[in-house]
Amino acid sequence: MNKQWFAPARGASLWVLMVLTITAKAQNPLVTHSFHADPTARVFDGKLYVYPSTDIVPPEGVEAPRFCMPGYNIFSTENGSTWQDHGTILDHNQVPWGKKNSFGMWAPDCIKKGDKYYYYYPAVPKDGSAFRRIGVGVSDSPTGPFRWEKSYIKGVSGIDPGLFKDDDDKAYLFFGGGEKLFAAPLKDNMKEIAAPPVEVTALPSGYKEGSFVFKRNGIYYFTFAHVFTDEGYTIGYATSEDPMGPYAYRGKIMDNISNGTNHHSVVEYKGQWILFYHWWDVSGFNKLRSMRADYIQFKEDGTIKKVKPTLRGIGTPGIGDTLQTDRYSNIRLAEVTYVGGNEPAGWMVCNTEPGGFVKFDRVNFGEGKARKIQARIACGQRVGSFEVRLDSPKGKVIAKFPVTHTGGWNSWKTIEAEIAGSVEGIHDLVVVFKAEWGLKKIVNLNWLLIRD
Ligand code: FUB
């Protein structure tokens, strides 16, 4: 492996070697079987889709340009907490007008008009006419297959296509990366611009990219990645009464989270607004990025409250969904680290001390059909216990787990406890660690699973 490309955090090489799994849970990051950046989220017919780019470690012998990005996958969720990977829909060597082996498939987008889905993507043109051109494909389904246009969109060069379709069905293409970002209305065919691109005005100076426009209560929000020289990548926004502007800068949606890119989208799903963005906390390397999502709140006057990245993320998992408690909403006298032993790669709650707890919010118990809780544990001692409580560390105890010796702190075993009484509706779950003696470390906990 090329060291220049991969200087991973502790345990990160495990991630690179992981095999593809079909689904993943909606804690942050959204998926861990592969690396994806630039997540554009869209709701089509009530279902949430994400259209990201893909980051890989360069294959042996490939000198990848800046990022190593070979193509695009699509993800979707039915319940907001379990993601399905629909596989690769476009590879860099399938772009009709693209340079072969470019590994340059940066941030894409997809939008619906009428009963067709239009997928927009930047790629390196084989005619050498620009750093990136923007191509389009059409499909009858949000997950493809797409019929790819033979040529790129004329009159447009740049990265990061961001599409917006207004209530009157007119569509706009936003794009660019650099000091300036651009907007152009699209023709009804969605494959050509209707007028030459114009600069999106009144944005602060500095490098910008990742244009994404949405509309809320009649206000157009132009959101973008913005590099402040003293801070690095932030996500900012500007508002207008017209999709083409002029826009007025309003501030940041997210502060810089680390040294590298951030790229986002904003979507309303089931009455809640969500910010999708990326980070590289899984790989520890800012060119192997992972998709994340957190709720976003608006103030009365329409301005946006800054979003802080969480581990817990979005979604309300229920019976049959694995609760990765290491993606906590609160934790005390316990820590999180990479899971060990033969367990599939991931994280666990560890160094659990008496009186410590880990809280996982928004679990849907439905209509009282939950009967048992399973816990995936590893333990090198046999004194103590942990309890599952509702809503707070002092809330009602619904399950008790005596701690069993599993063969060591990395020998994993699934244990089970009955749920006491009937639990209905949505609750926060709190796992409280207990011990009679002066024990410092009670159990390692990977996940919980509620069963009927
Ligand atoms: O993912 C490659 C590039 O990095 C994107 O096009 C930019 O928005 C930034 O995220």
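I began with the neighbours of Asp55, which touches Phe35, His36, Ala37, Phe67, Cys68, Met69, Lys287, Leu288 and Arg289, leaving aside residues up to four places away in sequence. Contact here means heavy atoms within 4.5 Å.

A note on the source: this is a predicted model, where local features need pLDDT of at least 70, side-chain atom pairs count only at pLDDT 80 or more, and totals for chains, interfaces and linings use all residues. Residues are numbered from 1 along each chain as its sequence is written, and side-chain values use heavy atoms, with hydrogens and water left out.

**Entry: Asp55**

I found Asp55 in strand β3, residues 47-55. Strands (E, at least two residues) are DSSP runs, numbered from the N terminus. Is Asp55 buried or exposed? Asp55 is buried, because its relative accessible area is 2% (buried means under 20%, exposed over 50%, partly exposed in between, with a 1.4 Å probe and protein chains only). Its side chain also has a polar contact of 2.7 Å with the side chain of Arg289. A polar contact is a pair of N or O atoms within 3.5 Å; within protein, one must be able to donate a hydrogen and the other to accept it, and residues adjacent in sequence count only if both atoms are side-chain atoms.

**Entry: the ligand**

I followed Arg289 to the ligand: a polar side-chain atom of Arg289 lies 2.8 Å from a ligand oxygen. Taken alone, the ligand exposes 270 Å², and the protein buries 99% of that (areas by the Shrake-Rupley method with a 1.4 Å probe). For Asp38, a side-chain N or O atom is 2.5 Å from a ligand oxygen, and for Ala107 a backbone N or O atom is 3.4 Å from one. Residues around the ligand, with a heavy atom within 4 Å of it, include Phe67, Met69, Trp106, Asp160 and Glu209.

Next I looked at an open sheet of four strands, in the order β6-β7-β8-β9 with antiparallel pairing. Its edge strands, β6 (109-113) and β9 (147-148), each pair on one side only. Strands pair if DSSP finds at least two bridges between them; β7 (116-123) and β8 (133-139) have seven. Tyr118 stands opposite Val138 in β8.

Where does Ser129 lie? I found Ser129 in the loop between β7 and β8, partly exposed at 38% relative accessible area. Its side chain makes polar contacts with the side chains of Asp127 at 2.6 Å and Arg133 at 3.0 Å.
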